[in-house]
Amino acid sequence: MSAPALITSHPLKSPEPEPVRASVIAARVVGLLVCVGVLILVVLTSISVGAKPIPLPDVVNALFAGQGTADGVVILDLRVPRTLLGLAVGAALAVAGVLMQALTRNPLADPGILGVNIGASVAVVLAIWLLNLGSLSSYVWFAFVGAAAASVLVYLLGSAGREGATPVRLALAGTAISAVLGSVVSFVTILNPQVFDQFRFWGVGALAGVQPEIFGQVLPFLLFGVLLALGLSGALNALALGDDMARALGSRIGLTRVLGALAVTLLCGAATAAVGPIGFIGLTVPHMARLITGPDHRWLMPYSLVLGPILLLGADILGRVVARPGEIQAGIITAVVGAPVFIALVRRRRIAEL
């Protein structure tokens with residue numbers, strides 16, 4: 001998480017103590033390849049589905065032949081950039097969720113639940129209102145600052161008292177901070193119709209209506225954040241054993257937390273600035289990946305990189321199908337899917353005892 005010191009005293013689960021057998025590694029590789037195959041199908045479906053459905057063969061032809069037809073223009077100018085943005089944002093939010101759950105040893109950690117998304121949102125809204133900023137390149141830095149500030153505030157509130165920063169206390173603190181910051185967003189947008197016009201679709205969290213050039217603007221931040229997270233995979237395994245054991249293994253836990261905080265800020269700030277606050281992907285995807293791979297972050301990271309875009313693009317496709325010829329924003333669909341998962345996690349006795 002963006003607060004480097006945000007940890008609790010109980011790990012999610014210790015890494016596998018014994019060397020993983022070759023058969024297990026082979027099974028994980030096959031599973032990852034299957035997930036990549038599913039992702040390719042989801043990508044093609046995302047390009048095919050819309051107000052005007054386009055057959056998959058025409059989609060493939062347009063991708064290789066270019067803008068030879070009206071459908072080709074729609075595919076290359078509108079649907080491909082939207083799908084690429086969904087790929088990048090889904091991967092970023094999922095990896096940020098893995099990082100936050102590892103750094104905090106909190107299975108409820110999520111960019112939305114712990115206030116990171118709403119922090120970025122309120123910073124962007126204030127930038128639009130007070131500084132009259134209207135382009136992503138101008139307010140993306142405000143999203144980074146807002147994400148970091150909100151996460152620090154959640155940690156300070158959640159760690160107050162004798163018990164310290166337990167998972168449930170952090171979730172409650174995140175909910176409280178999100179409610180306060182959400183009211184600030186509502187206050188600003190109600191007072192200023194121009195800000196509301198810029199914010200209303202972005203604030204729900206959607207891939208629709210995003211300008212194609214935005215993908216190129218946020219891509220460097222997302223790539224750097226993902227590469228940084230992948231490089232921390234081994235250190236996160238050591239950190240899950242506890243601070244003392246991690247130090248004994250030679251891990252520099254302070255540096256790990258600082259770099260992890262930087263990666264989370266980059267990933268959440270850029271993703272939220274691009275498409276608005278989309279919740280529950282960072283919560284749901286790491287648990288889905290953990291069911292397949294176990295607790296080893298060297299496998300959790302690549303699986304989450306693939307499963308995150310599948311979930312986000314799948315939600316985007318579902319929103320276009322159920323409300324055709326209109327659509328339901330992806331952020332609404334992910335909330336419908338993720339909220340029951342969050343409730344189930346909270347109710348589990350094992351998590352309640354952390």
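Me: What percentage of the 354 residues in the protein chain is buried?

Reply: It's 53%, where buried means under 20% relative accessible area, exposed means over 50% and partly exposed is in between, using a 1.4 Å probe and protein chains only. Bear in mind that this is a predicted model, with local features needing pLDDT of at least 70, side-chain atom pairs counting only at pLDDT 80 or more, and totals for chains, interfaces and linings using all residues. Residues are numbered from 1 along each chain as its sequence is written, and side-chain values use heavy atoms, leaving out hydrogens and water.

Me: What makes up the secondary structure of the protein chain?

Reply: There are 15 helices and 0 strands.

Me: What percentage of the contacts with a separation of 6 or more links residues 24 or more positions apart?

Reply: That's 76% in the protein chain, a contact being heavy atoms within 4.5 Å.

Me: Which residues touch the most other members of the largest nonpolar core?

Reply: L99, L267 and I281 do, in a core of 97 residues. Helix α3 (residues 70-104) supplies the largest share of this core, 15 residues. To belong, a residue must be a buried Ala, Val, Leu, Ile, Met, Phe, Trp, Tyr or Cys, joined to the set through side-chain atoms within 4.5 Å.

Me: Why is the pairing of D316 and R82 called a salt bridge?

Reply: Their side chains come to 2.7 Å, N to O. The cut-off is a side-chain nitrogen of Lys or Arg within 4 Å of a carboxyl oxygen of Asp or Glu, so this pair qualifies. D316 sits in helix α13 (residues 297-322) and R82 in helix α3, 234 residues apart, so the pair links distant parts of the chain. A search of the whole structure finds 4 salt bridges, this one among them.

Me: Why is D316 called buried?

Reply: Its relative accessibility is 1%, and therefore D316 counts as buried.

Me: What else does R320 touch?

Reply: Leaving aside neighbours within four places in sequence, R320 is in contact with S46, V49, G50, R82, G326 and E327. A polar atom of the R320 side chain lies 2.6 Å from the backbone oxygen of V49.

Me: Why does the 2.8 Å pairing of the R320 and D316 side chains count as a polar contact?

Reply: The limit is a pair of N or O atoms within 3.5 Å (within protein, one must be able to donate a hydrogen and the other to accept it, and residues adjacent in sequence count only if both atoms are side-chain atoms), so 2.8 Å passes.

Me: Which residues make the nonpolar surface patch?

Reply: L126, W129, L130, L131, W141, F142, F187 and L191 do, covering about 820 Å². The elements giving two or more residues are α4 (116-131), α5 (136-158) and α6 (167-191), and α4 gives the most, with 4 residues.

Me: What percentage of the accessible surface belongs to carbon and sulfur atoms?

Reply: It's 69% of about 15400 Å² for the protein chain, by the Shrake-Rupley method with a 1.4 Å probe (for residues, only the protein chains shown count as cover).

Me: Why is V36 called partly exposed?

Reply: Its relative accessible area is 32%, so V36 counts as partly exposed. V36 lies in helix α1 (residues 22-48), and its C-alpha atom is 9.2 Å from that of I310, 274 residues apart along the chain.

Notes: Patches are made of residues with over 30% relative accessible area and no salt bridge: like charges are joined within 9 Å, nonpolar side chains (Val, Leu, Ile, Met, Phe, Trp, Tyr) within 5 Å.
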